[in-house]
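Good morning, and thank you for coming. I would ask you to look at the structure on the screen before I take you through selected parts of it.

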Amino acid sequence: MKKIAILGAGPAGIEAAAVLAANNCPVTLFEKEAQPLCNITDKAFLFPNFADANEVAASLRAKLDNPNITLRCSTEVTQLTPSYIAGFQEESLTGTPVWKVNEELYDIVLLATGYTPFDAHRKEELGYGIYPGVHTSLEMEKMIKEGNIVNSLGEKPKRIVFLQCVGSRDEKSGNHYCSKLCCVTAVKQAIEVKKQLPDCEAYVFYMDLRMWGQGFEEMYRTAQQEYGVSFVRGRISEAGGTFDGRVQIKAEDTLLGRPLKMTSDLLVLMVGMEASKGTRELATQCRICGEYGFAQSKDPHLHDCQSEAPGLFVAGACKRPMTLTDSVNDGRSAAYEILTSL
Amino acid sequence: MFSIFVIPFCLGVLALLVISVIKYYNWIKEFDRKQQTLIRKNILTWKFLPAIWEMFRECLLHWRITKHNALLGYMHRSLAFGWFLLIVVGFVQALVAYPNGHQFYVGIFFNYFEPHYPVSHSPALPFIANLMDALLLYVFSGLTLAIVKKFWSKPLGMKRTTRHNLTDRIAKAALWSIFPARLLAEGATSALYGNGGFLVVAMGRLMQAVGLTSTVLEYNLWTFYSLALGVFFTLMPFTRYMHIFTEVFLVYFRQLGLRDSDSKSGYTMFELSACSRCGICIDGCPINRELGVTDIQGVYLLQAIRNKDLRNRAESIANMCMVCGRCSAECPVGIDLEPVRRQVRTEYAKGIDHPEGFQYLKSLHHFNALGRVAYFGGCMSHLTPGITQAMEQIFQAAGQSYWFMDQEGSVCCGRPLLQQGLVRQAQALRDRNKSMLKKSNATMLVTSCPICYQSFTKDYRLDIPVMHHSQYIDMLLKNGKIKVERSDMRVTYHDPCELGRGCGVYDEPRHVVAATATLLPTQEEREKSLCCGFNLGNTSIDSEQQVLIRDAALRNLLEPNPDMIATACPMCKKAMTRANNTPVSDIAEIIANQLIEK
């Protein structure tokens, strides 16, 4: 029986583990955090149907309840090398390479190490970490989840501005790619804000809104028609603080062709997705590191869960920005590829 | 004393003289009013003394090149100083031999005339003949190095050398053949008459041994020597060798206080021709080092301006430049390339330079200064608000009342426009800031951005002192106005181009860093510091190219493995923060974090 390791207990890793376990393959699931699914449990509701993130996470976590799955939380994998790179001799009976995961040997490894949100400090002109009214979309999500949306003085905000594409589609920060889910997340969060604070104005500054998924366009329309969210095409060039702890933004409304200044209680930066530290380091170690530090699959069309390294599979947002739905599907595909390879 | 073969030489000298005089006359006529005033004011002062010293040091000894690379300096020195001495000693030789007078060319062709005409047998002559041979040998050593450099330039401290055009190459061939031709001609004479110093006699014996003793051969060799000289002198005013005389003038004018102005002037013409196209500006240029673009450096810019038919090329060359100043810092002739680039940009920016575009300036309200110090953050510091916030903390800690003059409704200092050649627009912004400062009654201006600092010190002519915040913080620390806690952080410091090479401020920011942290040296710092890649000077570069230049600067800064990179420019900070995981801080932020509350 081949030994299988899955690195990362996110949606892709858990789904793959569940499918493999159901097919009587024992797997070991490594997770650096103390709990699995950290990138879901910090969310409130999920687009496009406003499903409760906790419920979705609970359903996913329930899949781990299988004797074939060994979950090892708080275990960070720092070493991932195949025998043909590391030069050790313990090849398995079939002659395929063996992978060294930390100090243990495995026949098959699934990399599902995921993403990390863009560090908004790197766009200093937007004032994150300098002005108290500037937050990232993750912090906003937390406020929504706790039902406690407040400005820097602890009062109910009268206006909230969302800014798209922070650290995505941005040549200056070196990330030319689109992070794919921030557009719809801003629409979702604006609706949540309006639900909790109907008197609060919500503005979304965008380059173009990419409402690609099922139900996304409808959400965008609902946001405008039912909730009165305002959408302004233009990027914010800089943010400044005001004496009363609010944020003043400078931007250009590119549809009107006019510069504008606006004062807002909160500025929410829709941070993009970058390859996580684990993804970056492990992909580099086993030589499948592609653009921007993401792991590179063998072929984006037909072999998207395989890598150039034999016995190493890749799934989820460690390859590129991916939604929860896509990650779960991708984990399932990876499990199928692994089963076929056995 | 005459022979027909001297005619090419004489014609060459005549052509050189006439063409040079016409050129210089025209250029001097083109001096603008300010330059003319400076010449009138300074021509009868002692300033010619340092000028003569600099001419000797740079035009003959090539001291700046020697500092760049000793072997390269030796090469240039042996050719320039060696040839100069050959001419001077040759003249003395003729004077000693013919005390009753002689034609001017006799010194050049001395060995030919000496056995044919009666000579005064001065005891000094054999010594001078040996001295002349030693000098010729000295020139030969330089020539050998020049040939080596053509094929293998690395030992002479140059990774890349200049690509020359056809006239330059013909002139170079003529120049390189002058000295071997001279030795052969003198050898042929010596083979017949046995005259000359140690080298020439040896050459003569060798020619005797292989049977080359004929008056026809001797005559033809002297003709070839004269032709080589004639061709070189005639071509000289049209090639890079014009720098030989022009540099002398440039040194003199510079010592009189002349500088480049906003548009092309007579002084610029002298600069264009004083460039020897040595190509030292190529190696250090970040656009060459990181992007592999090797046809936009100073040497090619000057060449393109000189060849007026290539004006479009000049524009694209002028635009593709970080304005980091590394080339000017290394130029052995001391040509200030930044204003020259700006002149070309101005020429091409005329179409968009409408002063009407700045009507909004009138509608801006200015604030009264509450304190004595005016603080100008600058546009770039508004994009790095950590810096302005730190400065406000420092002002408060020092108990200094201040007026943050561009906190609201900021007006740019004008320098980015000036760098792009938009002279009038820059002037409109400067006027606005100047009048605000005047009304504020501020007695000092502190700025956080080196671009603004350079602008306020060089373009504004304010009547109050201007300080970059690195100098201001250094002063506060020295006076004990603020106190900082030491940390065990190890820091490397990045010299911003505009602050370092632009304004010569290297020490103060280092003092400031060293006041609180351990400052680590880096490989390329101070005058040699690397551009961060995101300078506003270059508008044709794309962001991927900027990243390559920035990464090179980062490699240099991260090499000692610091805990933090310090810099003193918001733009450099932004450029580097985006890229790497090591924290990057402005020196003001470092100090603000370590302040000890009184």
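Two residues are in contact here if their C-beta atoms, placed from the backbone, lie within 7 Å. Please also bear in mind that this is a predicted model.

With that cut-off, let me begin where the chains meet. The contact between chains A and B draws eleven residues from chain A and twelve from chain B. On the side of chain B that touches chain A, the elements giving two or more residues are helix 20, helix 26 (543-558) and helix 27 (570-577) of chain B. Helix 20 of chain B gives the most, namely three residues. Sorted by class, this side of chain B holds six polar, four nonpolar and two charged residues.

Is helix 24 of chain B enclosed, and by what is it covered, or which of its residues are buried? The buried ones are B:His469, B:Ser470, B:Gln471, B:Tyr472, B:Ile473, B:Asp474, B:Leu476 and B:Leu477. Because eight of the ten residues of helix 24 (residues 469-478) of chain B are buried, this helix is largely enclosed by the rest of the structure. The cover over these buried residues includes helix 20 (385-397), strand 3 (444-447), strand 4 (466-468), helix 25 (507-516) and helix 28 (587-594) of chain B. After helix 24 of chain B comes B:Gly480, which has a positive phi, near 75 degrees.

I now turn to chain A. Its two parts are domain 1 (4-114 + 276-341) and domain 2 (118-272). The centres of domain 1 and domain 2 of chain A, taken over C-alpha atoms, are separated by 32 Å. Between them, ten residues of domain 1 of chain A are in contact with 19 residues of domain 2 of chain A. The side of domain 1 of chain A that touches domain 2 of chain A comprises six nonpolar, two polar and two charged residues.

Finally, the sheet. In chain A, five strands in the order 11-18-12-13-14 form an open sheet with parallel pairing. Strand 11 (134-136) and strand 14 (230-233) of chain A stand at its edges, each with a single partner strand, so one side of each has no neighbour in the sheet. On average, neighbouring strands of this sheet are turned by 25 degrees against each other, direction ignored.

Which strand is joined to strand 14 of chain A, and by how many bridges? Strand 13 (residues 201-206) of chain A is joined to strand 14 by four bridges, and the two run parallel. A:Tyr203 has A:Ser230, in strand 14 of chain A, as its bridge partner.

Methods: Residues numbered from 1 in each chain as written. Chains lettered and ligands numbered in written order. Predicted model: local features only at pLDDT ≥ 70, side-chain atom pairs only at ≥ 80, totals over all residues. Buried ≥ 20, exposed ≤ 12 C-beta atoms within 10 Å, placed from the backbone. Nonpolar A, V, L, I, M, F, W, Y, C, P; charged D, E, K, R; others polar. Domains from an automatic or database assignment. Pairing = 2+ DSSP bridges. Axes fitted to C-alpha atoms, helices over the stretch in contact; angles between N-to-C directions.
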